[in-house]
Amino acid sequence: MELTDIKGVGPKMLNNLHTLNIYTLEDLLTYFPYRYDLFEPATLDANYNNERIAINVEVTTTPTTAYIKRNFNKLQFRCEHNQKSMYAVIFNRAFLKPHITLGKTITLIGKYNLNKNTFICDDIKLTPLTNKEIIPIYHTNKNLKNNDLRKIISSALMDASALKNYIPEPLLEKYEMPSKKQALRMLHEPHNFNEAKKAIFFFKYEELFLFMFKVNYMKQAQENISKEAKHFSPQMVNNFIKSLPFTLTTSQEEALALILADLKSYKKMNRLVLGDVGSGKTIISFIAMYANFLAGYQSVLMTPTEVLARQHYESALNYFKNTNLKIGLLVGNQPKKEKEEILTNLLSGEYDILIGTHAIIEENVKFYRLGLVITDEQHRFGVKQREVLKSKGEVPDALYMSATPIPRSYALTIYGDLDVSFITHKPMGRKEIITKIKKYSELKDVLSHILEEIKNNHQVYVVASLIDDNEELDLKSVGLLKEKFNLAFNNKIPIEVLHGKLKASEKEAIMERFKNNETKILISTTVIEVGVDVKNATIMVIFDADRFGLATLHQLRGRVGRNNLDSYCYLICDHEIERLKVLEESNDGFYISEKDLELRGAGDLFGIRQSGIKTFKIANLKTDAKILMQAKADSEEYLNSKEYKNNLSYYQILKELSHLN
Ligand code: ADP
Ligand code: MG
C-alpha cells in the first residue's frame, strides 16, 4: 500500500507529505496531532467576550474579493446570525467564493469585532456544524494546511487495517483497548475527548511496549551467550590496587567486584558503569583490564576524542609502570609506519591493551586474543560502532562507562538489556564546585578572580559557547576571547586556544602545555568537554551558558574540582537565569538530570547530543513514566508467556524492527 494509492494523493501532495517526513501509510496514520480544538455552534449575544468561536450564519450577499497584494486577498460578504446582520471577512480564501452562495448556511470560525460589526474568520466550514466537533491540529507547513492533511488522513483511514498491530491480544484485552484500526480513527476523528484520550494512551503504550519488549528480548538473548571463564589471581589484582596512589571508594569497590565476577563467569559481561563526572570510572576500567591481562587476554579501550585517548594512555603507562603489561595507542592520523607497527604488535599479542579513538574499529585492526572491550563515554558512540568493536573478539566481555547522569529508574529501564552499576559517591576530600551565574556586565569580577587563582599557581578553563557545527564562527569566538583576555591581563598571562579545527598534533601539544602548567588559561570550544583531567585547574568559565543543557554544563564544570582545592565555575550569560540556578544549588549529577528533564521535558532528552538513548514519537519518558513501567512489566511477562512462544508473527515483527535502535 503506497501513499499514492490514497485518494487525493497526487505527485504534488506526495511532495507536500514528504516535507512533513511522511513517506509511508504508517507515517501518515501515525502522524500525531499535537492538540485538539473543540468547536460547537455558538450563539453570538451580548455576553460575547472576544473569544474564538464557531457560529452558523446564512449568507445574504454574494461575496466580493479584493486582491490586496501578491499572495494576499480578502473575501467579504454579509450574513445573518441570530436575527442580526453583520459582515464576514476571511483572508486568502478567494477560492471559496463560488461555494458561498446566497441563502446558504455555513459555519464561520473566528472572532467577532463589535465596532466594525464584522466577524473575522480564520476558517469557514461549508457544511455547517450541527454538533460539537473536535478537530485535531497537526504540525503543518505552508505547503500543507491542517484541513488538507485531515482530508488525506481521513481517506487513509479506510486502509488502516493494513497497519500491523504491535500490542499482543491479551494485553489489548487487559487494558480494554480498542483495535489498532479503531484507535487510529479515534486519534484522527474522535467523537469526544474521551476517545482522543484512549487513542493517545493506545499509541503511547504501543511505543513503550515495543521498546521495552526489545530491551527485554535483547537481555534474554545476552543471557544465553556463554564464553570461557577468565582465571586470574585475586592476590595480584589486590596488589595492583594497593599500588595505586589512593584507596578506592566504596562505590568503586562495589562496581569493581561485580566486574571481576563477570570476568570470572561463563556468562558474557555486558555491563554499564554509570557515575557522575569525577567519580573515578577510569581506574575501574584499568583494574578490569589488568585482571583480563592476567587471564591471558587483550583489552581495548575506546574513547570519543583523541585528547581523551592520549590522557588515558598516559595514565595507563603510569599506573602499569611496575607491571609487564604492554600498551598501545591508536588514534586517527598517526604516521603510517607507526600505525603499521601498532597493528603488528596487536596481532602478534605483543600489546596487552590498546587505547584509542574510533580509529580502532577500522577493519585492519585485528587482535591476537581480545577478551575485553571497554567504551568510555559510551553515549558518544552509536550502536553500530560498539557492535563492530565487539566483533573483533570471539566473545569479548563488554564494559561501558558513561557520565550521562540519568535518574536510576530510567537507567534501569532504558538500559534494561545491560547490567548497570552506579557509582554514587565521589572520592573523599572532593569539595563542591562553587558555581555562580554572572551577567556580562559583571565580567570584571570574574577576571579579577581568575587573576587571583593564577597568582596562586592554579589554572583556568574557558569555554566559548558557539556550537561546533559552525567552525568558522567557533574560531572567531574563541580567538576573540583570547584577544579580550590578553587585553585585560596586559599580555602577561600565557593563554592558548583549543578547537576542533586544529591538527591532532597541535591539539596534543596544547594540552601537554596546559597539563604542564606552562599555559595558565585554556580557551576552548566544547571539544574539552569529556573526560579530560588536569588536577591543577580550579576555575571553569562558560560563556553564553544558556545555550547548553544543564547536564552538559554539569559535565563541563566537572573538569575542575578534581582535587582538594576550592574550585569555581562561572556561568556567564544574561538569559535563562532561573534554569541555571539549579547548578548553583547542586553538584549532584543525578539530581541535575532530574531537573533538566523537568524543565526541558520531552524531545531533547537530558540535553545530550547523540545520547544513544532512543527518542520517542509520542511517548514522553518523564510524563509517561507510569506507562513505561507498565510496559516494562507487561513486556517481560509476555516474553515468557506461552502466547508469545506460539505467536511466530511476533518474531517477524521483531526482526523488522531490529533496524531501530
Ligand atoms: P570520571 O568518572 O569522570 O571518568 P576519572 O576516572 O577521570 O573520573 O577520575 C577523576 C579523578 O579522580 C582522577 O584524577 C583520578 O585519578 C581520581 N580518582 C579516582 N579514584 C579515586 C579515589 N578513590 N580517590 C581519590 N582520587 C581518585
Ligand atoms: Mg571519564
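## Briefing: loops, helices and rings in a predicted chain

Asn82 has a relative accessibility of 46%, so it counts as partly exposed, because that class runs between the 20% limit for buried and the 50% limit for exposed. Keep in mind that you're looking at a predicted model, not an experimental one. The chain has 661 residues, and buried ones make up 53% of them. Here's a tour, starting with the whole chain and then moving on to particular spots.

**The whole chain**

- Along the principal axes, the C-alpha atoms fill a box of roughly 100 × 75 × 45 Å.
- Take the contacts in the chain with a separation of 6 or more: 73% of them are between residues 24 or more positions apart.

**Two asparagines with positive phi**

- Asn82 shows a positive phi of about 50 degrees even though it isn't a glycine.
- You'll find Asn82 in the loop that joins strand 5 (72–81) to strand 6 (84–91).
- Asn50 also has a positive phi without being a glycine, with a value near 60 degrees.
- Asn50 sits in the loop between strand 2 (41–42) and strand 3 (53–59).
- Buried, exposed or in between: where does Asn50 fall? It is partly exposed, since its relative accessibility is 46%.

**Helix 7 against helix 9**

- Two packed helices are described by the angle between their axes and the distance between the axes.
- Helix 7 covers residues 234–242 and helix 9 covers residues 281–294; their axes come within 10 Å and cross at roughly 145 degrees.
- The crossing of helix 7 past helix 9 is right-handed.
- Which residues do the touching? On the helix 7 side they are Met236, Val237, Phe240 and Ile241, and they meet Ile287, Tyr290, Ala291 and Leu294 of helix 9.
- Sorted by class, that contact of helix 7 with helix 9 has eight nonpolar residues, no polar ones and no charged ones.

**Cysteines**

- A disulfide is a covalent bond between the sulfur atoms of two cysteines.
- How many disulfides does the structure hold? The count is zero.
- Cys79 is in no disulfide, and the nearest cysteine sulfur to it belongs to Cys121, 7.6 Å away. With a cut-off of 2.5 Å between sulfurs, that distance of 7.6 Å is out of range.
- Cys79 counts as buried because its relative accessible area is 0%.
- Cys573 is in no disulfide either; the nearest cysteine sulfur, from Cys569, is 11 Å away.
- Cys573 is buried too, given its relative accessibility of 1%.

**Aromatic rings**

- The count of aromatic pairs comes to 24.
- Phe201 and Tyr205 make a stacked pair, because their ring planes are at 25 degrees, with the centres 5.9 Å apart; the limit for stacking is under 30 degrees.
- Both Phe201 and Tyr205 belong to helix 6 (residues 193–223), where they are four residues apart, about one turn of the helix.
- Phe201 is partly exposed, at 27% relative accessible area, whereas Tyr205 is buried, at 0%.
- Phe209 and Tyr638 have ring centres 6.3 Å apart and planes at 55 degrees, so this pair is tilted.
- Since Phe209 is in helix 6 and Tyr638 is in helix 20 (residues 625–639), the pair ties together parts 429 residues apart in sequence.
- Phe209 and Tyr638 are both buried.
- Ring pairs join Tyr175, Phe201, Tyr205, Phe209, Phe213, Tyr638 and Tyr644 into a cluster.

**Sequence distance against space**

- Pro427 is in the loop between strand 16 (419–423) and strand 17 (433–438).
- Pro427 and Gly280 are 147 residues apart in sequence, yet their C-alpha atoms are 7.4 Å apart in space.
- What does Pro427 contact, leaving aside its neighbours within four places in sequence? Its partners are Thr249, Gly278 and Ser279.
- Tyr410 is part of helix 13 (residues 408–414).
- With a relative accessible area of 6%, Tyr410 is buried.
- Tyr410 and Thr525 are 115 residues apart in sequence, and their C-alpha atoms are 30 Å apart.

Methods
Residues are numbered from 1 along each chain as its sequence is written. Chains are lettered from A and ligands numbered from 1 in the order in which they are written. This is a predicted model: local features need pLDDT of at least 70, side-chain atom pairs count only at pLDDT 80 or more; totals for chains, interfaces and linings use all residues. Side-chain values use heavy atoms; hydrogens and water are left out. Axes are lines fitted to C-alpha atoms, for helices over the stretch in contact, and angles run from 0 to 180 degrees between N-to-C directions. A crossing is left-handed if the near helix is turned anticlockwise from the far one by less than a right angle, and right-handed if clockwise. Contact means heavy atoms within 4.5 Å. Ala, Val, Leu, Ile, Met, Phe, Trp, Tyr, Cys and Pro count as nonpolar, Asp, Glu, Lys and Arg as charged, and the others, Gly among them, as polar. Buried means under 20% relative accessible area, exposed over 50%, partly exposed in between (1.4 Å probe, protein chains only). Rings of Phe, Tyr and Trp (its six-membered ring) pair if their centres lie within 6.5 Å; planes under 30 degrees apart count as stacked, over 60 as edge-to-face and the rest as tilted.
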